[in-house]
Amino acid sequence: MLSNRRGIVLLTALTPAIWGTTYLVTTEFLPPGRPLLAAVVRALPAGILLVAITRRMPRGIWWWRALVLGTLNIGVFFALLFVGAYRLPGGVAATVGAIQPLLVAMLSAGLLHERLTPRTVVAAVAGVAGVGLLVLRADARLDALGVAAALGGAAVMAVGVVLSKRWRSPAPLLATTGWQLVAGGLVLLPVALAVEGPPPATLTAANLAGYAYLTLIGAAVAYALWFRGLRELSATKVTFLGLLSPVVATVLGWIVLGQRLTAAQVLGAAIVLAALVAAQVQPRRTRPLPAVAPRVLIGKES
């Protein structure tokens, strides 16, 4: 049972690791200045593909539940992430977004009746500090709208994660994942057209390869693993795994792009990994003391 749980944790951890490759793929393969287009291409075709494979459409209340979950987990989250990333320099958006595990832990305590332990709170605060050391720059300046967008992005996805755990779909995992990706992509599509205009008239082979990677691996595979983790693990433990994303992005920037890796970043990565591991440790259950039968004293009456 324990090894099975570890396997689920490791598979779920592949999702933020995959998401950590998004920055590299976007900067090296995709057309510049089109993050919302990338988000639409990432979500909508992947969702249509999964729905086509499963041949399963929502039924009853799952029409509006899929729309709500897809809007929170993908549509609104990506839009706010775009605003935060553009208005906040030097990794501030990623640092603010790292508050998500704490938000999920608090929401889970109220909606899912999960216990909010001091260790979880300390691990969440340490995770924010670690991400800050990992991605923040000394000259970073705050922007009120950017901070609000980053906080809003963390909040809407936190709500989406908790509701995904609370609303257990009777449909197969791939079908539920497809519904959310389609809903999120449809919400993003008019926003992308309004902000960025129509897609580029011509795309290179590298562009097409990058979009294919985001669609098949970054969305179809990654979100299926993510939602599978939510079915098997607590929402709080799954969300802590998301802290792996900036770690992977930083390591890839160092290995592939030759970016400088400082001692502070190494320390930040170590803190993030320690917080992640601490959040995954199962609390020990104390064994109840064995019941002792009362001793009956038999004696002569005085």
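In what kind of crossing, left-handed or right-handed, does α8 pass α10? The legends below take up this contact and others in a predicted model, in which local features need pLDDT of at least 70 and side-chain atom pairs count only at pLDDT 80 or more, while totals for chains, interfaces and linings use all residues. Residues are numbered from 1 along each chain as its sequence is written, and side-chain values use heavy atoms, with hydrogens and water left out.

**View 1. Helix α8 (residues 144–166) against helix α10 (residues 205–232).** The crossing of α8 past α10 is right-handed (the near helix is turned clockwise from the far one by less than a right angle). Their axes, which are lines fitted to C-alpha atoms over the stretch in contact, lie 9 Å apart at an angle of about 55°, and α8 and α10 are therefore oblique to each other (neither under 35 degrees, nor over 145, nor 65 to 115). Met157, Val161, Ser164 and Lys165 of α8 meet Trp226, Phe227, Leu230, Arg231 and Glu232 of α10, where contact means heavy atoms within 4.5 Å.

**View 2. Helix α9 (residues 173–196) against α10.** These helices pack at an angle of about 120°, with axes 9 Å apart, and α9 likewise passes α10 in a right-handed crossing. On the α9 side, the contacting residues include Leu173, Thr176 and Gln180, and on the α10 side they include Ala219, Tyr223 and Phe227.

**View 3. Buried residues of helix α2 (residues 22–29).** Thr22, Leu24 and Val25 are the buried residues of α2 (under 20% relative accessible area, with a 1.4 Å probe and protein chains only). They cover an arc of only 165° around the axis, which puts them on the same side of α2; the arc is that of the directions from the helix axis to the C-beta atoms.

How values were computed:
Axes fitted to C-alpha atoms, helices over the stretch in contact; angles between N-to-C directions. Helix = DSSP H or I, 4+ residues; strand = E, 2+ residues; numbered from the N terminus. Buried < 20%, exposed > 50% of the residue type's maximum accessible area, 1.4 Å probe, protein only.
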